[in-house]
Amino acid sequence: MKKIININLSSRLIPIEDTAYELLKNYLESLKRHFSREEGGEEIISDIESRIAEIFQEKLKKGAHCITDEDVSAMVATMGRPEQLEEETATEPQEKQHGPDEQAFVTGRRLMRNENDKVLGGVCSGIAAFYRIDPVIVRVITILLSLAWGTGVLVYILLWILLPSTRTQVNPVRRRLYRNPDHRVLGGVCSGLAGYFNLDAVVVRLIFVAPLFGVILFSILRHGPFWGIFPFFFSLFVGLLPTAVVVYLVLWIAVPKAVTITEKLEMRGEKVDLQAISNARKGDTTEKKSEVGAGEADVEADAAVTSGPAASSYYYPPRQRNGLGEIVLFCLKAIGFLLLGFVLLVLCAVLIGLAGGFMGASIFSGGIFPFRGILLHSFLQQFLAWPAILLTLGIPVVAIIWLLIRLITGFRPKSNIVGWTLTLLWVAGLICAIWLCISVARDFQMSFRENTPVPVTQPSGNRFVIRQAETNSFIGGGSIFGDRIRIADDTVFFNSVRLKVEKSSTDSFMVELVRFSNGHSVSQARMLAEQLSYGITQQDSVLLLAPGYALPSGSPFRNQRIAVKIMVPVGKEIFIGDDMRLNRWGNYWNNDWDDNWDRWDDNTLYRMTPEGLKKAEEIEIPEAPEQPEHPEAPEAPEHARKPARNVKYHEDHPAPPADEEGRAEQDATRSTRITMDGFSETFNALFALQD
Amino acid sequence: MRKGVLEFCILSIIKQGEAYPSDIIEQMRASGLDILEGTLYPLLTRLKNAELLTYRWVESNSGPPRKYFSLTEKGASFYGELEATWEQLATAVNKLTGPQTDILEP
């Protein structure tokens, strides 16, 4: 059973079998291809079409219902195939009509510009003919050279001026570079290149994607132990990545798409004759069938285009159909894909960075990943941690790689089992992560704070000097949050201690250690808080504060914090040492139980007044009218005049015992206080002083 | 092989009067010169582009108008040259390939 369709050939209505129509169409295509480079090619084609229509009409007049395959074959035998025509006509008249230059061009291979196949001046196609390669390749190379500081443009203009032009030359190359629309991932560039160089498309795609894979691979290896030898390759791949993208885009824009069967044959370097076209047609029956079977209206429209002088634009050489509009479209498409690719790449890099960071830290720095032993305490949490991290971060990476592999190999699985599996695993990972987060959050829901008085002797000279304790050991290890938390082996060190200065309700100095912790219950929070130990040492009037504190081995991290409260009686002074610098004793945990924390300056002498703590220098002048009732007031200017660093401390002053009762009222009486939240980059082993 | 000969034949057929491509083919076949039809159209176009031929559209009773070719003045003079060359060539070839005695005896 065969379908009969009506075509309009040279304004004649011809009923033709669909298979015969295909044959006819291919034959006409091959003729068009043959004559496209010749002056008056369109005219020749329309003459021939007209003649074919005549032959068919005679057949129909003789009583045939329609044109069959045999009729087409007979017609082709009478008219001759392009390759037969070439033998008889190609060289003969040219020699007659053209001068010696042109002959030399054809026979003696002179480098000339080609007027018949040109985009600008025919330089590229002339060069291509000289070396017998596809002009498209020369054009692409020219464009790429133009990107290198315009070299290509310069060379092109020079050659345009220098080379004579010719009209006669027909490029002898059979194999041409096209983009392959049938087996494409983006623009069919790789597939077309594969056809041109007789390679498998997968190989070409791999070459184009290799830099991307290289970058990804080395991003992972970066965390590995042998990184030392890889930076060269890494930067090589990083450099090649944009090159590959640019080359691809240029090829996409410059290389024409193989539309007709003839072009597809040329793409593969097969000889273009009716036999090959016929075979190729059988080869992609499915595609062609869908085209033919789409409806007679389509076919008729299609056929109408192929015939008649009105449709003459159809006969232009293929690359001229790449109008500006199409290139703009390509650019838009390219930009779209570029953005998509960029987003994917960034996503990939971020995910790999995250996963790699965790993995790298866990594998190569000794411990399991940093927080595991400290943050996660129950078996459930430990159990959930790995799937939560591996699945939520790892699955997207796997999915992106899988997608790339599918695109590159053109592998289209029938069922999307992999996709569903990956989705399920990712959702499972997400559930684990959420569960873990909830579980950990519950461990933080209760809090406990305890103030412990630290016994101090009253300093001589009514002045306390606060300094950071000397560091006598340094503990290396992974540090998080800048340098505030250090992790070594099983222990966590916090370089974060706060200093808070308040008004004492009595006439003596008092020091208090504040320990704070969260926990899943109050009793656990209390236990954790009490486990904290912190070193405060007094050397006469100097109070040495340890720069940090450690979590006891085996304690989980539950937001434990330490603050030192120093209560200064009115009229007495406190000197904040120059090693208590803010950039080290930063105001890190500042949203604590008290929102009224001020910043203090280091290397400064402060004096407690009834209004609160003030810098000694600032009190100097206004003091007399403000505080007439205080007997100590007149002394203040004397102290303030001294440079802070040169303050002298009297060491023979007897230290009165700390007054414990006054502490209860201190909150009510304080007005201004100076606080210090501190951490230090170096950290010493901590010595318990009290508790 | 048939360099120029084909053009010569076509021109001579057209010289006898306006001709339609199918007529030309018919005439050539009739005189035993069998060529592919596809060969003819490019030749005609080239001759026309070289201003040796011209054509006019003639309405046909069925289908689209046909192209009828005729010689231009340039074509006519070119045909004269071709004819002379051909005569010369034919005589020479005939002499060479004909009975040997004609040349040797005198």
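Biologist: Helices (H or I, at least four residues) and strands (E, at least two) are DSSP runs, numbered from the N terminus. Which helix holds Leu28(A)?

Modeller: This is a predicted model: local features need pLDDT of at least 70, side-chain atom pairs need 80 or more, and totals for chains, interfaces and linings use all residues. Residues count from 1 along each chain as its sequence is written, while chains are lettered from A and ligands numbered from 1 in written order. Leu28(A) falls within residues 18-35 of chain A, helix α1.

Biologist: Is Leu28(A) buried, exposed or partly exposed?

Modeller: Count other C-beta atoms, placed from the backbone, within 10 Å: 20 or more is buried, 12 or fewer exposed, in between partly exposed. Leu28(A) has 19, so Leu28(A) is partly exposed.

Biologist: How are α1(A) and α2(A) oriented to each other?

Modeller: Helix α2(A) spans residues 41-61, and its axis lies 9 Å from that of α1(A). The two pack at about 150°. Angles over 145 degrees count as roughly antiparallel. The pair is therefore roughly antiparallel.

Biologist: Which residues of α2(A) does α1(A) meet?

Modeller: Contact requires C-beta atoms, placed from the backbone, within 7 Å. From α1(A) come Leu28(A), Leu31(A), Lys32(A) and Phe35(A). Their partners in α2(A) are Gly41(A), Ile44(A), Ile45(A), Ile48(A) and Glu49(A).

Biologist: In chain B, where is confidence lowest?

Modeller: Chain B has a mean pLDDT (per-residue confidence, 0 to 100) of 80. Its highest confidence is in helix α4(B), residues 73-97, at 86. The lowest, a mean of 53, belongs to residues 101-104, helix α5(B).

Note on methods
pLDDT = per-residue confidence, 0-100. Axes fitted to C-alpha atoms, helices over the stretch in contact; angles between N-to-C directions. Parallel < 35°, antiparallel > 145°, perpendicular 65-115°, else oblique. Contact = placed C-beta atoms within 7 Å.
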